[in-house]
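Here is a short briefing for a first look at this structure. Read the lead, then take the topics in any order.

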Amino acid sequence: NLLFAVGWVPAVVLSFWLGRRVSTLGSARALAIGVAGHLGLLSVWLLARGLFPMMLLLALSFLFYQLAVIAFGTLRMEQIGTENAGVALGAIGTVSGVASALGPLLGGALRSQFGAPAAFVLAGAAGAWTLIELRRMSAP
């Protein structure tokens, strides 16, 4: 919850700048940088002690997260094209809604079964998989 409590401030302020970086870097490369930065800072955050260092790391992590979100949206649009955009974005919205509804339930179950870091480990594994897939993918 702390990520969403503090991370939105730099994300709002820097989203246009991050969008320009996506245009400069290319969507696949920007997505890789965003995912890697977010994962790296979350890994350091797991080891951090004290409220201020944790808040700072999460705010910085959220910048990389925001870069990844912008890059992912751009990459999706590049891949599906404008003629299929409505159907594709509708499907993505449905999946996002289901994931948002089930995410807290899954996170709570992981925490109760395996401890608090389990959800972060799972998210880290998903991020690592994303980076592997990005390396295999050729951007248009």
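A residue counts as buried under 20% relative accessible area, as exposed over 50%, and as partly exposed in between. Gly103 has a relative accessibility of 34%, so Gly103 counts as partly exposed. The model is predicted.

**How the helices pair**

- Two packed helices are described by the angle between their axes and the distance between the axes.
- Helix α3 covers residues 27-47, and helix α6 covers residues 118-136.
- The axes of α3 and α6 come within 10 Å and cross at roughly 155°.
- That angle is over 145 degrees, which makes α3 roughly antiparallel to α6.
- The crossing of α3 past α6 is left-handed.
- α3 also pairs with α4: their axes come within 7 Å and cross at roughly 155°.
- α3 and α4 are therefore roughly antiparallel to each other.
- Here too, α3 makes a left-handed crossing, this time past α4.
- Helix α5 spans residues 85-114, and its axis comes within 10 Å of the α4 axis.
- The α4 and α5 axes cross at roughly 140°, so α4 is oblique to α5.
- α4 passes α5 in a right-handed crossing.

**Helix α4: Phe64**

- Helix α4 runs over residues 51-80 and holds Phe64.
- Is Phe64 buried, exposed or partly exposed? Its relative accessibility is 30%, so Phe64 counts as partly exposed.
- Phe64 and Arg49 are 15 residues apart along the chain.

- Ser100 sits in helix α5.
- Ser100 has 56% relative accessibility, so Ser100 counts as exposed.
- How far apart in space are Ser100 and Leu89? The two are 16 Å apart, C-alpha to C-alpha, with a sequence separation of 11 residues.
- Gly103 also has its place in helix α5.
- Ser100 counts as exposed, whereas Gly103 counts as partly exposed.
- Gly103 and Ala119 are 16 residues apart in sequence.
- From C-alpha to C-alpha, Gly103 and Ala119 are 9.5 Å apart in space.

**A nonpolar surface patch**

- Which residues form the nonpolar patch on the surface? They are Trp8, Val9, Val12, Val13, Leu14 and Trp17.
- Together these residues have about 580 Å² of accessible area.
- Val9, one of the patch residues, lies in helix α2, which covers residues 8-25.
- Val9 has a relative accessible area of 41%, so Val9 is partly exposed.

Key: Residues numbered from 1 in each chain as written. Predicted model: local features only at pLDDT ≥ 70, side-chain atom pairs only at ≥ 80, totals over all residues. Heavy atoms only, no water. Patch = residues over 30% accessible without salt bridge, like charges linked within 9 Å, V, L, I, M, F, W, Y side chains within 5 Å. Areas by Shrake-Rupley, 256 points an atom, 1.4 Å probe, with all protein chains shown as cover. Salt bridge = Lys/Arg side-chain N within 4 Å of Asp/Glu carboxyl O. Helix = DSSP H or I, 4+ residues; strand = E, 2+ residues; numbered from the N terminus. Buried < 20%, exposed > 50% of the residue type's maximum accessible area, 1.4 Å probe, protein only. Axes fitted to C-alpha atoms, helices over the stretch in contact; angles between N-to-C directions. Parallel < 35°, antiparallel > 145°, perpendicular 65-115°, else oblique. Left-handed = near helix turned anticlockwise from the far one by under 90°.
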